[in-house]
Amino acid sequence: MTRQILVTGATGTLGRNVVGAATAAGHQVRAMSRRSHVGYTGVHWAQADLLADAGVDAAVAGVDVVVHCATQGTGDKDVRSTENLVTAARKAGVDHIAYVSIVGVDRIPLPYYKTKLRVEQTLETSGVGHTVLRATQFHDLIATTFAIQRFSPLLCALKDVRFQPIDTGDVTRRLVELVDCEPAGRVPDIGGPAVHAHADLARMYLAARGGRRPVVEVPVPGRTAAGFRSGANLASDGAVGTLGFAEYLAGGQ
């Protein structure tokens with residue numbers, strides 16, 4: 001069934017993928033950005049600023065489903081932006097807001113995770129039909145934890161912490177599937193095809209780049225690290241896709 005879809009955060013890594021996949025699936029897609037144009041071909045766009053609540057009413061007008069990929073980081077900005085989106089959606093009679101969150105936001109006290117949880121709660125009390133999909137860390141985020149250490153003689157990894165990195169394409173496919181479904185609240189979490197120790201992911205990263213630095217596992221104290229060590233960031237029962245971290249790196253990422 002063809003639907004009119006608004007994608008917020010349409011210029012971000014995930015949003016850009018969703019725009020393309022939803023268009024390929026036959027939906028009418030409106031890409032939303034703060035910029036004057038978003039550079040897509042064959043896609044409608046809407047210039048709007050969620051945080052400033054500028055242009056949001058026009059962006060959601062006539063929309064069946066909003067796929068909410070925009071993020072403002074930590075603090076109240078993300079929550080206020082979502083509140084503005086919800087208000088506009090309610091006025092426009094939007095039936096469904098699909099939101100991408102992160103596995104473990106309710107169990108790991110990382111500031112960014114706390115913000116994502118507050119956004120989930122905003123949707124839960126909004127009175128607008130919604131779906132919340134939690135996913136594990138994207139491949140590019142895991143790679144970034146190593147790339148930022150490029151000038152170090154060692155490659156540090158979190159001791160006793162595991163990750164289940166997922167490809168953005170797999171998250172995109174699930175989101176587009178959910179567009180064709182009724183609002184379902186929180187749906188089952190999804191994660192990548194395999195769980196690996198952070199140190200093993202570091203070794204994959206080095207191998208893909210021909211690096212020979214030693215990998216050092218660093219113990220990290222605190223409640224946030226304890227949450228990761230407990231496996232709260234994993235979705236072992238929701239493994240999807242076939243593109244693992246090594247395959248992602250082999251693709252030149």
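Reply:
**Salt bridges, pair by pair**

Asp-76 has a relative accessible area of 42%, so it counts as partly exposed. This is a predicted model. Arg-118 is also partly exposed, at 34% relative accessibility. Asp-76 and Arg-118 form a salt bridge, with their closest N and O atoms 2.9 Å apart. This pair links distant parts of the chain. Asp-76 lies in helix α3 (residues 76–92) and Arg-118 in helix α4 (residues 111–124), 42 residues apart.

Helix α4 also holds Glu-120. Glu-120 forms a salt bridge with Arg-134, and the closest N and O atoms are 2.8 Å apart. Arg-134 sits in strand β6 (residues 130–135), 14 residues from Glu-120. Both Glu-120 and Arg-134 are buried.

Next comes a pair within one helix, α7. Asp-200 and Arg-203 form a salt bridge, their closest N and O atoms being 2.9 Å apart. The two are three residues apart in α7, so about one helical turn separates them. An α-helix has 3.6 residues a turn, so residues three or four places apart point the same way. Asp-200 is partly exposed, at 36% relative accessibility. Arg-203 is partly exposed too, at 41%. Salt bridges with shared partners also join Asp-106, Glu-120 and Arg-134 into one network.

The buried residues of α7 are His-198, Ala-199, Leu-201, Ala-202, Tyr-205 and Leu-206. They fall within an arc of 160° seen down the helix axis, so they line one face of α7. Their packing partners include α5 (139–147), β7 (155–158) and α9 (245–250).

Across the whole structure, a search finds nine salt bridges.

Note on methods:
Residues numbered from 1 in each chain as written. Predicted model: local features only at pLDDT ≥ 70, side-chain atom pairs only at ≥ 80, totals over all residues. Heavy atoms only, no water. Buried < 20%, exposed > 50% of the residue type's maximum accessible area, 1.4 Å probe, protein only. Helix = DSSP H or I, 4+ residues; strand = E, 2+ residues; numbered from the N terminus. Arc of directions from axis to C-beta. Contact = heavy atoms within 4.5 Å. Salt bridge = Lys/Arg side-chain N within 4 Å of Asp/Glu carboxyl O.
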